Amino acid sequence: MSWKKYSVEDRKIPGISGFAIILIIVSLYIQSKLVLFLAVFFLIVAFCNQHYLKRAGEKLYFENLNVKNHFFIGDKGEWFLTFRNEGFPILKAELKIYFDYFVSPNEEQQETSLSSMYEMSFPFSLFTNQAKQIKIPFTAKQRGIARIRSIEFRVPSLLGFGETILESKYFVKQQAVVYPLPIPVKGIKEQISVLQGIHVVPVSVYEDLLGPVGTRDYVPSDSFNRIHWKASARKQELQTKVYERIAEKGWNIALNVSDGHSITGNLEKLISSITEFAYYAFHKQIPYSLCINVRTAASTPFLYLPIGEGKEHLQKVLETLASVSTQNTSLPYDYMLSFYSRHLTAQPYFIHAGIKTDDTKRMLLGISKKGAKLFELKIEQEFGLLSEMVIHQERRMLL
Amino acid sequence: MNRVAAVTYQFILELILGMLFLFLIYINKNEFPPILLLTVLCISSIILFSFLLAKFRNNGKWLYFVTILPLILLIGFQTGLPLYGGLGLGFLIYWRGISLFDDVSERSEAILLLLSFIIGLVAIIYSAMSKYPFQSEMILLLITQLVIVLLGGFLRKWNSIQTDKAKFAVYFLKVIAAVLAIGVIPAFLLKYIQMILFAILHFFVILLSTVSAPLFGFLEYLLRLNGNEGRKTTINADTGLPDEYQPPAYEKTETTLYILLIVAAVAFIIFLYKKKFTKQDFSVVNSAVVSVSEGAYGSTQSNLFRRRMKPPEDIIRREIFELEKYASKLKLGRLPFETLEEWWQRIGLSGSSESIAIYEKVRYGEGRSSIEEQTIMKTEIHQFKQQLKEIYKSLKDKKKKSKPN
């Protein structure tokens with residue numbers, strides 16, 4: 001790891017060096033060995049001092065571990081920082097690290113110098129050809145992905161005049177993902193358990209060709225390739241294969257993080273409600289996909305998790321939810337909905353969470369016209385509320 | 001304990017500075033200043049005083065007057081120190097002790113070192129001039145100051161670490177030993193260095209003389225042409241008069257050299273101070289970079305940027321640009337947030353609305369100026385310049401008038 005480096009030499013040193021040079025001339029004139037020694041001694045000290053400041057930290061390596069640890073709120077964890085010094089010895093430097101406020105240091109007297117960061121500083125000494133590991137314990141406090149934003153060294157000169165400041169040039173790869181905390185969501189059981197049983201199998205037009213359930217008598221509308229020839233021979237009557245009727249029982253959750261030009265104030269509660277839904281879906285083995293209108297650089301221009309279920313999917317969902325922060329750039333929600341209905345696999349159930357405008361209603365109407373059932377996740381005081389969303393189709397265009 | 005050590009360390013540095021100053025006074029008397037007595041008295045009493053302060057807090061101050069101050073006076077009296085001197089010393093130790101004890105934060109020793117070097121340099125030159133017999137003691141004091149600063153800085157850091165203490169100590173001692181060894185070499189080679197330096201100087205003198213000789217020859221030739229042949233030198237080498245006393249020529253050179261050296265030293269100090277002040281401005285910007293917060297433009301930066309700005313290509317805009325420059329020379333410049341009209345109104349220029357319209361068209365619209373418009377602007381700006389001069393003069397007069405009041 002290379003460092004951004006600034007050296008701050010004591011401003012009086014050049015001045016004293018100037019006097020030392022004058023002293024050399026004086027010493028030659030008055031023929032004094034002591035004066036010459038004094039002047040040369042100081043000049044060499046000044047030179048060594050400058051050389052140290054220039055070279056200090058040059059071969060100080062930081063092991064940038066690519067580690068991602070996951071925590072629930074209240075869990076305890078540690079940052080690991082490993083340094084190896086192959087250059088000049090570092091004596092009583094000050095090591096400062098800055099990390100996000102999602103995790104907080106265990107000590108009570110922490111400082112938050114920048115509004116969203118914790119700053120910690122320790123004394124640090126490392127001799128040549130030595131390595132040191134520093135562990136910084138922390139407690140997960142808040143949903144989010146915490147990173148060490150910056151590592152800074154203030155290395156004082158060994159000879160005492162000035163200091164060199166080293167700042168980490170690259171991102172520290174260590175991450176601490178703090179999962180969101182679920183809040184109770186009313187209506188989640190009622191909406192999902194009832195509807196699930198009614199709709200899935202009988203209504204579907206799709207059949208699982210690998211799951212035959214039996215045969216029935218042939219009717220003229222059946223296609224020839226559906227005829228079960230062996231069964232027909234056995235019964236001496238034409239028989240048609242019957243397959244298991246399957247329907248996609250997937251859900252899609254779309255979260256609107258924006259509120260006009262800013263991020264919605266209910267962000268945390270909405271995310272917590274979605275977390276509750278995610279846990280519920282995990283227990284009931286319900287597949288679901290997730291869209292959040294936070295801009296990304298991928299081919300899908302917003303945060304999107306394709307449909308899935310199970311433990312891995314739950315982890316992905318929780319991590320995605322943890323990654324949403326108020327500092328994200330949002331994408332227009334309508335744009336996301338339009339992209340969803342055009343390019344992504346549409347799910348039969350659609351949950352909308354967040355603010356909805358008239359344009360959003362129109363887009364949602366479009367989605368419901370394609371066969372999806374709409375639900376809305378609202379926040380009522382400290383709870384989430386999942387209810388069916390009814391949008392009346394108006395004859396006139398909404399202006 | 002650490003606090004007592006820190007106070008003593010700082011006080012010793014200040015004491016050495018004071019002693020150098022004392023030397024400066026005693027050079028004139030050609031005596032050795034009572035520094036041994038001072039050292040013993042001051043160091044022992046500051047250690048005792050800081051102990052008292054550490055142990056009894058505020059009461060330590062009163063205890064000082066009861067215990068240490070009488071002791072100082074007594075020892076001073078025994079060793080022949082005048083009473084006022086003893087009292088002065090006592091109060092000095094009291095003052096320094098309290099102020100150093102209250103604020104033990106790391107102070108920069110470099111400033112003390114710088115002051116020591118300034119006083120030391122003057123004292124060395126002065127002592128060499130007046131052939132002071134205790135010059136070497138003075139230089140040793142300066143060397144001690146330097147060594148104490150180096151050692152103190154290291155020990156303070158070294159004391160705070162737990163592991164690898166021996167390694168760091170050995171490393172530091174090695175560095176210091178190497179520096180000392182390198183420092184000793186030129187001291188032994190003083191004669192040779194001197195020889196080389198004077199040979200170089202000699203060479204330059206010869207070079208200068210060979211270069212200037214033809215010039216002087218030419219001058220002489222010119223003088224001869226002007227009819228000065230008849231004039232002869234009045235100095236006769238063999239006048240037959242008895243040898244009169246003439247002050248040795250080298251003494252004059254010596255004094256001039258000393259004066260030159262002192263002037264150079266003073267000039268250097270002034271230069272340093274100026275540099276320091278200009279650097280401080282810069283360091284404000286620099287420190288902003290260091291302390292992570294970004295995006296703050298210091299005032300100095302924007303000034304630099306403005307200064308380096310190129311004049312615009314368009315003729316009318318360039319004219320206005322020149323006018324702004326001219327006005328800023330007369331201290332009537334346009335402020336960065338002012339529109340042209342506001343500026344003119346503020347300083348009292350009578351500009352026509354037509355010219356403002358032309359400027360705005362060129363500056364903010366994408367239109368180009370016609371030759372007619374250019375001539376209008378040029379004549380108007382010419383008038384403006386004259387108006388500016390008048391405004392400037394009247395302002396100056398006003399200031400002059402207001403001053404005596």
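Leaving aside its neighbours within four places in sequence, which residues is V45(A) in contact with? Let's work through this predicted model and find out.

## V45(A) and its partners

Setting aside those sequence neighbours, V45(A) is in contact with L159(A), F161(A), L150(B) and V179(B). So two chains turn up in that list, and the reason to look at V45(A) is its 0% relative accessibility, which means it counts as buried.

V45(A) belongs to helix α2 of chain A, which covers residues 33-55.

## Where the two chains meet

Now for the contact between the chains: chain A puts in 50 residues and chain B puts in 62 residues. Together they bury about 5,300 Å², with 82% of that on carbon and sulfur atoms. On chain B, the elements giving two or more residues to the side that touches chain A are α5 (109-129), α6 (135-159), α7 (165-188), α8 (190-225) and α9 (249-290). Sorted by class, that side of chain B has 47 nonpolar, eight polar and seven charged residues.

What about polar links? Between chain B and chain A there are three residue pairs in polar contact, counting pairs with both at pLDDT 80 or more. The salt bridge count between them is zero.

## A buried glutamine in a loop

Over in chain A, Q347(A) sits in the loop between α7 (333-343) and β20 (349-354). Is Q347(A) buried or exposed? Its relative accessibility is 3%, and the cut-off for buried is under 20%, so Q347(A) counts as buried. A polar atom of its side chain lies 3.4 Å from the backbone oxygen of T345(A).

How values were computed
Residues are numbered from 1 along each chain as its sequence is written. Chains are lettered from A and ligands numbered from 1 in the order in which they are written. This is a predicted model: local features need pLDDT of at least 70, side-chain atom pairs count only at pLDDT 80 or more; totals for chains, interfaces and linings use all residues. Side-chain values use heavy atoms; hydrogens and water are left out. Contact means heavy atoms within 4.5 Å. Buried area is the accessible area (1.4 Å probe) that two parts lose on being put together, summed over both. A salt bridge is a side-chain nitrogen of Lys or Arg within 4 Å of a carboxyl oxygen of Asp or Glu. A polar contact is a pair of N or O atoms within 3.5 Å; within protein, one must be able to donate a hydrogen and the other to accept it, and residues adjacent in sequence count only if both atoms are side-chain atoms. Helices (H or I, at least four residues) and strands (E, at least two) are DSSP runs, numbered from the N terminus. Ala, Val, Leu, Ile, Met, Phe, Trp, Tyr, Cys and Pro count as nonpolar, Asp, Glu, Lys and Arg as charged, and the others, Gly among them, as polar. Buried means under 20% relative accessible area, exposed over 50%, partly exposed in between (1.4 Å probe, protein chains only).
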